Structures are given as C-alpha cells and as structure tokens.
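Please find below a short note on the model under review.

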Amino acid sequence: MPMDLAYLADWANLLIRWLHLITGIAWIGTSFYFIGLDNQLDPPRDGNPRVKGEQWAIHGGGFYRKEKYLNAPAQLPEKLHWFKWEAYWTWISGFSLFMLIYWGQASTYLIDPAVMDLSPGVAVAISAAMLVGGWVVYDLVCRSKFGENERNLSIFGVALLVVAAFVACHVFSGRGAFLQIGAMTGTIMVANVAMVIIPGQRKMVAAMQAGQEPDPKYGRWGKQRSVHNTYLTLPVLFLMISPHYPMTWGSQWNWVVLLAITLAGALVRQYFVLRQSGRNQVMLPAMATAVVVLAIMLMPKRGPDIAGVDVPSFAEVQAITASHCAACHAARPSFEGIAAAPKGVRFDDPAQIRRWAQAMRQQVATEAMPPGNMTEMTREERQKLLAWVAAGARAD
C-alpha cells in the first residue's frame, strides 16, 4: 500500500529538523570554542615571535596546550584540521526545511493576505531575493573602505537588520517574516564561511606549500567574519524557535519585537565574549533582560476585546471549531498536506476541544490560527471562543 505523501512529508520535516539541530549544535559549539580560545590566549612562555598566544587547559581528564600563530608556523604541519562541514550542513538542512515548509506551503505559512495579498510564486521570489540580496549587500560593504572601520560596520549591520525586519514583517506573515530573517541571517553566516573564511585559509595553505609567507589579510578577513558570526548565533536560535510563540510575531509591531530580542541575544553573547577575556560585565545580561521585559510590557496585546461578550454555548463553540479548526486539528485531517493534527492538538470531539482550550486561546487571540486566516474566522467568532475559554471552557 503506497504511503501518504503528507505522512512522508512529516517524516522528512522531522529528520531534516533533527539534522539541522545536530549540525547547528556542532557549528555553534565550534564557533563559541574558537572565539573563547582567542580571548583566553596568554603570551607564549618560550618567546616564539611567530606565536600570538597560547592556552593551557584541562578537559576530559587530560591536559591540552594550544598555540595560535600571528600569521603562520615556520612550516605546514603534516595533518591540518578544517572546520567547515558543520556550517555547510547546518545551512543545507535549514534551507531544506525553509523550502519544504515556507516555500512549499507559502500560502499557509509565508503569506498573510491581511499583511500583503501575494501569490505563492511572488512571495517565494521576494523571499529568495532577500536571501541573496542580504548577503550581497553585507559582503560588498565588508569589502569596502567603509567596512574597514568596525564601528561603522556595526552601525551598518544594525541598519541592515532594521530595514530587513521592517520589510519582511510588512510583506510576509508574522511567522514567515521571522523565519525569513532567520534564513537570511543564516545564509550570511554560512556564506562568510564558504565565501571568505575557507577560501582565505586555502590561499594561506597554498602559499605555505609554495614556500611563501601567507598574506596576513586573509587571517584578518577570516577573523572579522568569524566574530560577526558569533554575535548572530543567539538571535538566529531565537528566530528558529519563534514559530512556537505567536505572541512574538503576532503583533503589528512584530518587527520591533524581532529587533529587541536580537539586541538582547547580541548583548548576552557580548557578555560571554568579555567574560572569556576576564571582564565580568554583568550589566550586559541585565540590559538584555531589561530590553526583553520592556518589549513584553510595551507591546500592544493583539486580539479582540471580550468585555461585554456573552459566553457562548458549547454547541456554538463546537460549530466554530468545526468550521475553522478541525480540517487540520483532527484525528484524520482533511486539509491537503496535513497527515496528523499539528502538535497533537485536536478539535474533532467535545473532550478534545475542552482539553486544548487554553492552547487555542493564545492562537486565536494573536490571530496566529488559522494560518493567514485562510478559513476566514470572524472577529465575533474569535470573541466567542475567547469568552468561552475565559469562563472556564465548560461543556454545558
């Protein structure tokens, strides 16, 4: 008996997502380790003029001694370890997921007619253009005279993020916009590895194999892009998990939330970078916490007002969920492309409706569900569902 395509798609989603997590952990771990190593180097005890610094460490029951050269050692070692496939497979798996979910089901996840009524083809084209354009603009600025000043480059990077976040949140659905910025940022990060860091390192190795001193500019460029990547990791992790939290992207000011939490992530990363250098700047995580708390307190609460709304009968609630929710959230979903109820949430019988009432409340209040309001749930219907939940989600 042939397997259902939606069932196979769910397995593909799971396995690719698992690969994405595995390789992402490996890539981020490597990035954090080497940035930490750079920040903890001590002057070489033997006075070797080629060595920038060394570190002694203990881990896993053994002692380690690591050295970093100012440019290159006197001769190329017989065996040289490279770090690239963690980055490549993180992007390959992440981009595969993005295509499978946000491009393959653009009308459901990438498009919200209330934001901008796009055809799937146009939405995917804009998304692809932002992915490519983000890298091209960033890379050109980094290679320019303007990019030689790290302060100027940082200001430009923030400005680029603000513009990209504003545009994405005014073109795509809130959920799609957050993942679009995550995909764009991840593309910049992996392109830094594939287009700058690794090619530069290959030229350094080739120079040594030819008996020449490597050009130190490749080391500078590689370090610059590596530092940029490490500050982007925590914001990207937030964007990866954001689909599960519609209160972050469900507001009309979602682009501000995106920027606030991105800033908070960068501040936390800066704290760890400085701490590795022996500076314990506790104000940085305190500032990050303040930014998030401020965003939570000041963001307008999206959702219909239920003051004065009569609590509907359970029969009315069942009718609303049957019309707008049960096509996907059922033991046997009838919506094309859905093999099983998302997250196991069901609204196809009375007990299940009551069981998942609180989960439904947040999704209905933020208008995250139905996705893009494809079933055209009215404001009055949302008010009734919220009033019913607030009254205790009774079945009488």
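**Notes on the predicted model**

1. Lys343 is found in the loop that joins helix 11 (314–324) and helix 12 (350–355). The structure is a predicted model. Although Lys343 is not a glycine, its phi is positive, at about 60°. Most residues other than glycine have a negative phi. Lys343 counts as exposed because its relative accessibility is 59%, and the cut-off for that term is over 50%.

2. Glu376 belongs to the loop between helix 13 (357–365) and helix 14 (379–390). Glu376, a residue other than glycine, also has a positive phi, near 55°. With a relative accessible area of 62%, Glu376 is exposed.

3. Helix 7 covers residues 216–241, which makes 26 residues. At 1.5 Å a residue, helix 7 should span 38 Å, and the distance of 39 Å between its end C-alpha atoms agrees with this.

4. Where does helix 7 have a kink? The kink, of about 35°, lies at Thr233, shortly before the proline Pro235. Both Thr233 and Pro235 are buried.

5. Other buried residues of helix 7 include Tyr218, Gly222, Arg225, His228, Asn229, Phe238 and Leu239. Which elements cover the buried residues of helix 7? Among them are helix 1 (5–39), helix 4 (120–143), helix 5 (150–169) and helix 6 (174–209). Helix 8 (246–249) and helix 9 (254–276) also contribute to this cover.

Terms used. Residues numbered from 1 in each chain as written. Predicted model: local features only at pLDDT ≥ 70, side-chain atom pairs only at ≥ 80, totals over all residues. Heavy atoms only, no water. Helix = DSSP H or I, 4+ residues; strand = E, 2+ residues; numbered from the N terminus. Buried < 20%, exposed > 50% of the residue type's maximum accessible area, 1.4 Å probe, protein only. Expected span 1.5 Å × (residues − 1). Bend = angle between axes of the 7 residues up to and from the residue. Contact = heavy atoms within 4.5 Å.
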